[in-house]
Amino acid sequence: LTQRDNLRKWFSRVDGSHDMQCSAAALDDAATRFSRLFLANLMISATFGEIIGGGLTFIGIPSAIFWGILAAVLRFVPYIGPIIGALLPLFLALAVAPGWALLLWTAALFIVMELITGNVIEPWLYGSRTGLSPLAIIVAAIFWTWLWGPLGLVLSTPLTVCLVVLGRHVPQFEFLDVLFGNEPVLEPHARLYQRLLAGDPDEATDHAEEFLEDKYLFEFYDKVAIPALLLGEHDRMRGVLDDEQRRLVAGSAEILVANLDDSAQQEAEEDARARERDAHL
């Protein structure tokens, strides 16, 4: 980090002599993603420490605030840090109280928080902040740990961010962005055709309603629905779509149109009100 300016100049000299714009865009993209990653890590660690500190206070562990702060700091070391942060409070719980109740409550607090944070919140928040899919974060942790051990575990997310940036800005490595990025792999019309082909009009309706949040129904039919049906027609002409599949696609499309009837009526009413306002003006 202290040598980031020299690193930028070195990378531009190595890669940007022929395409300076591309290298500059890649560096800016990587810097933005890393800043979001570190900010997300700070938010998660601070929240984790606050909840741990409050929970330990409620349970009755001495110096609970200190253990909460320590848990927040150690959480910056992925996967291993939370385990280290939990060991000392567990030993303290075993030492200060007879029986197993205090120890079990402390262990339950750390286990529940780690399960929720590590398996739900972190993959989702890191993915939304860095452009990685939640699955890619988990797979990357496994791969880099297998390759480089604990060092790979610590660097797994930043290294995968670099691969996604490389895939987004270098056409030869576009498959990396497809594999690890969180952008939809298929175009909207291809996704719709896939759902129609699978006989799943409900999920097709969900995709259509997402599109209609900021677009009109006629745009959906023009840019998504009709191109999706054209894909089906092309498959039929190529002989890869049999009669049963064709009927399935047609039936799913009819159900989709029926499901979107409310949106059509709502847009018609809005158009009528707009014409009335224009007439009064």
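Residues are numbered from 1 along each chain as its sequence is written. Local features need pLDDT of at least 70 and side-chain atom pairs pLDDT 80 or more, totals for chains, interfaces and linings use all residues, and side-chain values use heavy atoms, without hydrogens and water.

The mean pLDDT (the predictor's confidence in each residue, from 0 to 100) is 78 for the chain, and 82% of the residues reach at least 70. Helix 3 (residues 64-74) has the highest mean, 91, and helix 1 (residues 4-15) the lowest, 61. Helices are DSSP runs of H or I, at least four residues, numbered from the N terminus. Where pLDDT is low, the predicted coordinates should not be read in detail.

In helix 12, Val249, Ser252, Ala253 and Leu256 are buried (under 20% relative accessible area with a 1.4 Å probe, protein chains only; exposed is over 50%). These residues cover an arc of only 105 degrees around the axis, so they lie on the same side of helix 12; the arc is taken from the directions from the helix axis to the C-beta atoms. Glu244, Arg247, Glu254 and Ala258 are exposed on the other side. Helix 9, helix 10 and helix 11 are among what covers the buried residues, contact being heavy atoms within 4.5 Å.

Definitions and conventions: Helices (H or I, at least four residues) and strands (E, at least two) are DSSP runs, numbered from the N terminus.
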